[in-house]
Amino acid sequence: MGQQIRLEVVTPSGAKVNEDVDIVNAPGYGGDFGVLANHAPFLSTIKIGTLTYENGNKRESLMVSGGFCEVSNNKITFLVESAEVGSEIDVERAMRAKERAEKRLAQAAQHEDDLNRTRAEIALQRALARLKVANMR
């Protein structure tokens, strides 16, 4: 095992992850990125998607929805709106949310309603990310 980096994932309701890991992969607005130990300092915005990290042979995934990431002093910190591990995700509820968002998207397109279309797109992204992480279990 080589050097590790400290991973912290924090939501408004508290810390979700706080451990040393080998690698972190995250969904940035500029594209997905990976971080290893001793990475150069940087900041990034985080979009809705899947954050994965590995520690030895163990690979974990979280659904994250929006926020920021800072890499500094061999530590990567995510401040995100929400983070859910696959075992916490209610797949049936996520499927219903996906279906509702798809219906709202279709309705917004018919009425040229940009605000509701944007809201439905975000809800659909969240539902799809939840389903992806839930299926990684």
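**Stop 1: helix α1**

Select A94, K98, A101, L105 and A108: these are the buried residues of α1. Buried means under 20% relative accessible area, exposed means over 50%, and partly exposed lies in between (1.4 Å probe, protein chains only). Look down the axis of α1: its buried residues fall within an arc of 95 degrees, so they line one face of the helix. The arc is taken from the directions that run from the helix axis to the C-beta atoms. An α-helix has 3.6 residues a turn, so residues three or four places apart point the same way.

Before moving on, note what is on screen. This is a predicted model, in which local features need pLDDT of at least 70 and side-chain atom pairs count only at pLDDT 80 or more, while totals for chains, interfaces and linings use all residues. Residues are numbered from 1 along each chain as its sequence is written, and side-chain values use heavy atoms, with hydrogens and water left out.

The face turned away from its buried side carries the exposed residues E92, R93, K103, Q110 and H111. Next, check the span of α1. Its 21 residues reach 30 Å from first C-alpha to last, close to the 30 Å expected at 1.5 Å a residue. The expected span is 1.5 Å times one less than the number of residues.

**Stop 2: K98**

Stay in helix α1 and pick K98. Is K98 buried or exposed? At 19% relative accessibility, K98 counts as buried. Leaving out residues up to four places away in sequence, K98 touches L124, A127, L128 and L131. A contact here means heavy atoms within 4.5 Å.

**Stop 3: helix α2**

Select α2, residues 114–135. This helix is part of what covers the buried residues of α1. The 22 residues of α2 should span 32 Å at 1.5 Å a residue, and its end C-alpha atoms are 31 Å apart, which agrees. Colour its buried residues: A120, A123, L124, A127, A129, L131, V133 and A134. They pack against β6, β7 (58–64), β10 (83–85) and α1.

**Stop 4: the whole chain**

Zoom out. The chain has two helices and ten strands. Helices (H or I, at least four residues) and strands (E, at least two) are DSSP runs, numbered from the N terminus. Along the sequence the pattern is β-β-β-β-β-β-β-β-β-β-α-α. The C-alpha atoms fill a box of roughly 55 × 30 × 25 Å, taken along the principal axes. Of the 137 residues in the chain, 40% are buried. Among contacts between residues at least 6 apart in sequence, 52% join residues at least 24 apart.

**Stop 5: V35**

Go to strand β4 (residues 31–36) and select V35. V35 counts as buried, at 0% relative accessibility. What does V35 touch, not counting residues up to four places away in sequence? The answer is I5, D22, I23, V24, F42, V71 and I76. Draw a distance from V35 to V71: they are 36 residues apart in sequence and 8.4 Å apart in space, C-alpha to C-alpha.

**Stop 6: two loops**

Most residues other than glycine have a negative phi. Select N38, in the loop between β4 and β5 (42–46). Its phi is near 65 degrees, a positive value. N38 counts as exposed, at 52% relative accessibility.

Then select N74, in the loop between β8 (67–72) and β9 (75–80). Phi of N74 is also positive, near 60 degrees. N74 is partly exposed, with a relative accessible area of 26%.

**Stop 7**

The largest pocket has a volume of about 270 Å³. Of its 16 lining residues, the closest to its centre are P27, K47, I48, G49 and T50. A pocket is an open set of points on a 1 Å grid over the protein atoms alone, where a 1.4 Å probe fits, with protein on both sides within 12 Å along at least five of seven lines; lining residues have an atom within 4 Å of a point. Grid points are joined across faces, edges and corners, and the volume is the space filled by probe spheres set on them. α2 gives the most to this lining, with four residues.

Finish at the second largest pocket, with a volume of about 230 Å³. Its lining residues include E84, R93, R100, A123 and R130. α1 gives the most here, with five residues.
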